[in-house]
Amino acid sequence: MNKELLKLVEPHGTPLFILDHNVIRENYRTFKKHLPRVQCYYAVKANSTQQIIETLFNEGSSFDVASYNEFMQVYQYIKHFDKKDKKHFVWDKIIFSNTIKDRSTLSKIKQYRPLVTYDNMAELKKLKDHCDTAGLVVRLKVPDTGSQVEMSSKFGAEPAEAQNLIQQAFDMGLKVEGISFHVGSQCTNFDNFTSALAITSEIFNDARRKGFNLNLVDIGGGFPVPYDPQVPEFKILAGLLNSEFKRLFPDDIEILAEPGRFMVATAATLISEIIGKARREGKVFYHINDGVYHTFSGVVYDHWIPNFSAVKEGEKEICAVVGPTCDSFDKITLSAELPANLEVGDCLFTENIGAYSTASSTKFNGFDGAKIIHMNL
Ligand SMILES: Cc1ncc(COP(=O)(O)O)c(C=O)c1O
């Protein structure tokens with residue numbers, strides 16, 4: 001496979017981010033197959049490349065957007081719909097999952113009936129003033145122990161606070177549709193999901209008892225990607241979730257999820273090129289033409305540990321792989337097991353780099369970042 005991909009280097013150069021849309025389709029279908037009750041909202045933030053949105057739109061996916069710009073990226077596929085269908089699509093297939101939205105975004109989306117999350121009183125007031133057409137989803141703070149990226153220190157209301165926020169919303173004449181949570185990204189500890197569902201069901205059932213007609217539960221993202229063989233299988237998580245849905249919630253509710261990483265991580269491979277080589281304090285340093293300010297930004301923001309492999313064989317050593325910028329912070333890894341005989345011009349491969357990579361790449365030091373090549377578009 002790597003040798004096949006290497007043929008793309010000659011016409012396109014490096015660094016090259018090769019995105020296979022068949023893998024995205026497969027991931028979407030796997031998700032739907034194992035979680036048939038769940039409406040899948042792709043979290044655009046994981047990789048907002050327009051062609052990914054198009055592929056998932058054509059698969060019938062719904063979308064989780066974090067900003068007005070992400071909303072507009074989805075909107076371009078429905079702009080030709082008539083007014084009624086457009087409104088229906090926004091209501092049925094888009095969620096603004098960022099619990100904090102600025103006033104101008106709210107004013108712009110008020111014309112639809114958007115589904116939005118919130119977790120505090122100030123947001124509720126803002127929603128009342130600038131977007132009272134919205135369907136509200138209160139976001140809970142839930143355990144995220146062991147997840148690669150935690151969420152609970154910045155988002156989510158404690159259970160008692162959430163109950164109050166539901167009451168307050170109805171008192172203000174707003175409509176709460178349901179409850180959401182996020183167990184942290186790349187969640188390999190499935191207890192986080194079961195705890196979150198248990199907390200959610202208590203608040204959900206309590207609200208219904210009080211006469212508030214909640215209709216949905218949004219289980220967020222966090223679905224793990226097989227970066228290494230220790231990662232427990234998605235199929236097992238899905239089985240667990242399906243039985244918890246049945247046990248804890250009435251049959252008539254909608255269940256939503258916002259998978260980001262799961263849809264795109266395995267769909268991309270990066271080919272980078274060695275542009276310099278040095279021995280520093282005994283260790284081989286490969287300087288490559290991509291780094292933590294660019295496609296490897298996930299090393300910083302996503303706490304991701306990338307993998308490297310080479311086409312050329314040779315005796316392996318623990319090597320450093322570092323980026324092209326003048327910043328000494330731009331070190332991708334100090335512990336890649338690679339042949340020590342690689343030379344300037346040789347290429348390195350990094351698999352499973354589709355999520356939280358190009359999405360947070362910058363142009364620091366004047367480097368453009370990787371060229372994106374689409375396969376099976
Ligand atoms: C609100 C929300 N939903 C969904 C996601 C996607 O999470 P994941 O990529 O772990 O599936 C994120 C990630 O930050 C998020 O903040």
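Trainee: What makes the crossing in which H9 passes H10 right-handed or left-handed?
Mentor: H9 passes H10 in a right-handed crossing, and the convention is that a crossing is right-handed if the near helix is turned clockwise from the far one by less than a right angle, and left-handed if anticlockwise. Please keep in mind that this is a predicted model, in which local features need pLDDT of at least 70 and side-chain atom pairs count only at pLDDT 80 or more, while totals for chains, interfaces and linings use all residues. Residues are numbered from 1 along each chain as its sequence is written.

Trainee: Why are H9 and H10 called roughly parallel to each other?
Mentor: The axes of H9 and helix H10 (residues 191-209) cross at roughly 30° and come within 11 Å, the axes being lines fitted to C-alpha atoms, for helices over the stretch in contact, with angles running from 0 to 180 degrees between N-to-C directions. Angles under 35 degrees count as roughly parallel, over 145 as roughly antiparallel, 65 to 115 as roughly perpendicular and the rest as oblique, and H9 and H10 are therefore roughly parallel to each other.

Trainee: Which residues of H9 and H10 meet?
Mentor: In H9 they are Pro-159, Ala-162, Gln-163 and Ile-166, which meet Ile-199, Ile-203, Asp-206 and Ala-207 in H10; contact here requires that the C-beta atoms of two residues, placed from the backbone, lie within 7 Å. By class, this contact of H9 with H10 has six nonpolar, one polar and one charged residues, where Ala, Val, Leu, Ile, Met, Phe, Trp, Tyr, Cys and Pro count as nonpolar, Asp, Glu, Lys and Arg as charged, and the others, Gly among them, as polar.

Trainee: What makes H3 oblique to H4?
Mentor: Helix H3 (residues 21-34) and helix H4 (residues 50-59) pack at an angle of about 40°, with 10 Å between their axes, and that value makes H3 oblique to H4. The crossing of H3 and H4 is right-handed, and the contact is made by His-21, Ile-24, Arg-25 and Tyr-28 of H3 together with Ile-52, Thr-55, Leu-56 and Glu-59 of H4. Those residues divide into four nonpolar, two polar and two charged.

Trainee: How are the strands of the closed barrel arranged?
Mentor: The barrel has eight strands, running S2-S3-S4-S5-S6-S7-S8-S9 with parallel pairing, and neighbouring strands of this sheet are turned by 30° against each other on average, direction ignored.

Trainee: How do you know that S8 and S9 are joined, and how many bridges are there?
Mentor: Two strands pair if DSSP finds at least two bridges between them, and three bridges join strand S8 (residues 216-218) to strand S9 (residues 254-257), which run parallel. Asp-218 stands opposite Leu-256 in S9. Helix H9 (residues 159-171) packs on the sheet, touching strand S6 (135-139) and strand S7 (175-180), and its direction makes about 165° with that of S6. Helices (H or I, at least four residues) and strands (E, at least two) are DSSP runs, numbered from the N terminus.

Trainee: What is the value of omega for the cis peptide bond joining Thr-14 and Pro-15?
Mentor: Omega is about -5° there, and Pro-15 is found in the loop between helix H2 (9-12) and strand S1 (16-20).
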